[in-house]
Amino acid sequence: MTMEDGTSKSLGSCGDTDDDYDVLQWDTREDCEVRQILDRIADKWSLLVIALLDRRSLRFTELRRKIDGVSQRMLTRTLRQLERDGLVSRTVHPTVPPRVDYELTPLGSTLHDTIRALVTWTEEHQNEIAAARAAYDTRAAAEQETAQREAAERQAVARQALTLPS
């Protein structure tokens with residue numbers, strides 16, 4: 001079996017979680033897998049899979065139907081990665097055609113409260129985020145207009161300088 005890209009062969013400690021904890025330490029140490037784990041569990045497909053498997057097991061086709069926009073390839077990859085990390089278990093039933101069920105492992109279940117807290121925070125702050133986005137977009141559009149106007153003025157000055165007799 002080959003190691004997946006970006007994973008080290010040995011587990012490492014990323015540091016302490018005391019008052020002197022440096023959050024960037026996990027990003028710079030070779031033997032720390034925190035970033036890889038965070039990258040995995042924080043992607044949108046993994047979050048949705050974990051949320052959907054909270055209270056029951058689901059078949060692949062059920063997951064695909066419930067997750068809008070996910071391709072078969074991406075869902076397969078996501079489920080394999082979550083299974084590899086011990087967050088999802090896969091059960092193949094000996095039927096024709098084979099039936100495969102996915103469910104959260106006890107470790108995977110511990111993530112659900114964190115995901116629920118993230119969704120709750122998002123719901124509570126969505127109006128503030130929408131207002132910030134609108135303000136940013138307005139500011140960016142005004143800055144772009146100013147930059148275009150200034151560029152046009154510079155071009156006009158340059159054209160005028162080229163047409164003046166020497």
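A residue is called buried when its relative accessible area is under 20%, exposed when it is over 50%, and partly exposed in between, using a 1.4 Å probe and protein chains only. The model is predicted, so local features need pLDDT of at least 70 and side-chain atom pairs count only at pLDDT 80 or more, while totals for chains, interfaces and linings use all residues. Residues are numbered from 1 along each chain as its sequence is written, and side-chain values use heavy atoms, with hydrogens and water left out.

Asp101 is buried, with a relative accessible area of 9%. Asp101 lies in strand 3; strands (E, at least two residues) and helices (H or I, at least four) are DSSP runs numbered from the N terminus. Contact means heavy atoms within 4.5 Å. Leaving out residues up to four places away in sequence, Asp101 touches Ser57, Leu58, Arg59, Ser89, Arg90, Thr91 and His93.

Next comes the core. A nonpolar core is a set of buried Ala, Val, Leu, Ile, Met, Phe, Trp, Tyr and Cys residues joined through side-chain atoms within 4.5 Å. The largest one has 20 residues, and Val49, Leu53, Leu63, Leu75, Leu79, Val88 and Tyr102 touch the most other members. At least two residues of this core come from each of helix 3 (44-52), helix 4 (60-66), helix 5 (72-84), strand 3 (99-104) and helix 6 (106-163). Beyond its neighbours within four places in sequence, Leu75 is in contact with Val49, Phe60, Leu63, Arg64, Ile67 and Val70.
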